[in-house]
Every structure is written in C-alpha cells, then in structure tokens.
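Dear colleague,

I am passing on a structure for you to look at, and below it I have written out what was found. Please keep the view open while you read, so that each pair can be located as it comes up.

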Amino acid sequence: NEDGSVPYNVAMVQDITERKKAEDELEKAKTEIEKAKDELEIVNESLEQKVAERTGEIEQANRKLNSQLNELKEAEGALREGEARYKALITSSNTGAWEFNGDTGFLWCSNEYFSMLGRNIKDYDLSGAKNLDETWINLLHPEDVKKASKHFADYLGRGSVGMYENYFRMKHTDGLWVWIW
C-alpha cells in the first residue's frame, strides 16, 4: 500500500526435522571426536612416557652388556697371552704337557709329550673322546702300569689338588723304555 502497510503476508514453511537431526548428530559427532582426541592425547602421552622409560632401560642394559663385552675381550686377551706364554715355556723347555678330563676320560697331550717318545701327535685321537689307554696306559712299561695307574687314580680321588708327580717308564718308538717324571 501507499501508506506503507502490508496488506497480506506470504510465508513459506518447510519441514527441517531431518536437517535438525543431522545437525544434532553432527554436533554429537564433533563432541565425540573432541573427546576421542583428548583421550588419544592422554594415551599418546602415556605411551611416549613408557617408550622413554623402556628406551632408558634398554640403553642401560646396552651399556652393561658393552661393559661385560669389554671385560670378556680383556679376559680373552689375557687368556691368549697366558696360553702363548705356556706354549712357549713348554716348547722351549721340551717338556711334555698333558691335561686330563675325568668326566670324559680324555687325555690331551702336547706335541712334546709325544715327541719325547718318538711319536707323532697326529697318530693319536685328540678329538676329546676317551683316549687314556691309547695315549698313556698302553705305552707304560708292563711292570709300571699298576703302580702308575693307582697313583694317578689316587691323585684324581683327592680332587686333583696339588702337584701330580710320578715316575714310570714309557715305550719309545725305537723299542727302548724311557723314564718319565
């Protein structure tokens, strides 16, 4: 109208129920996402702390293992040095050396042990298997077997404590008997 009044109103209405439901669902989802983010942040912080603690434990264990490894390397070096001195001493003194393992019956003998009997070390089984008879008993003079074997058994029976000393004859490859001390 000319006076500025509106003679009639036109209105349009629309059912927006589904839209409102969707908006509400969207708002709920946003809230749940924020809640999940907060929970994830807490879990992440906890995991990061656990990873840091475990990393520290692993680093400490590695330092300890490295220290032990260094100690073993030093001990191995000292052992090798001692073994070299032992071999040099045995070789230079032309002394036969042996070591007996009572659990297996294995008698390890040095090259010098066999060479003073005119024998070759390669002719004997030094694999670790029982060989006491082959490397010692069978080479003893028949009159010395009983006494020497008993003396050795007595020494072993006392726990192999102290120095083992014994005198006996052994067969040289040239057929002669050599006295061994």
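The structure, which is a predicted model, holds 11 salt bridges. As background, side chains of opposite charge can pair when their charged atoms come close.

One of the salt bridges joins Glu18 to Lys21, with the closest N and O atoms 3.9 Å apart, which falls within the 4 Å that a salt bridge requires. These two residues are separated by about one helical turn, because they stand three residues apart in helix α1, which covers residues 17–93. Glu18 counts as exposed, because its relative accessibility is 57%, whereas Lys21, at 47%, counts as partly exposed.

A further salt bridge is formed by Arg85 and Glu81, and here the closest N and O atoms are 2.9 Å apart. Arg85 and Glu81 are four residues apart in helix α1, so about one helical turn separates them. With a relative accessibility of 52%, Arg85 counts as exposed, while Glu81 has a relative accessible area of 48% and is partly exposed; the cut-off for exposed is over 50%.

Lys87 and Glu83 also meet through their side chains in a salt bridge, at 3.4 Å from N to O. Both residues belong to helix α1, where they lie four residues apart, or about one turn of the helix, and Glu83 counts as partly exposed at 39% relative accessibility.

Finally, please look at Arg19, Lys20 and Glu23, which are linked in a network of salt bridges.

How values were computed:
Residues are numbered from 1 along each chain as its sequence is written. This is a predicted model: local features need pLDDT of at least 70, side-chain atom pairs count only at pLDDT 80 or more; totals for chains, interfaces and linings use all residues. Side-chain values use heavy atoms; hydrogens and water are left out. Buried means under 20% relative accessible area, exposed over 50%, partly exposed in between (1.4 Å probe, protein chains only).
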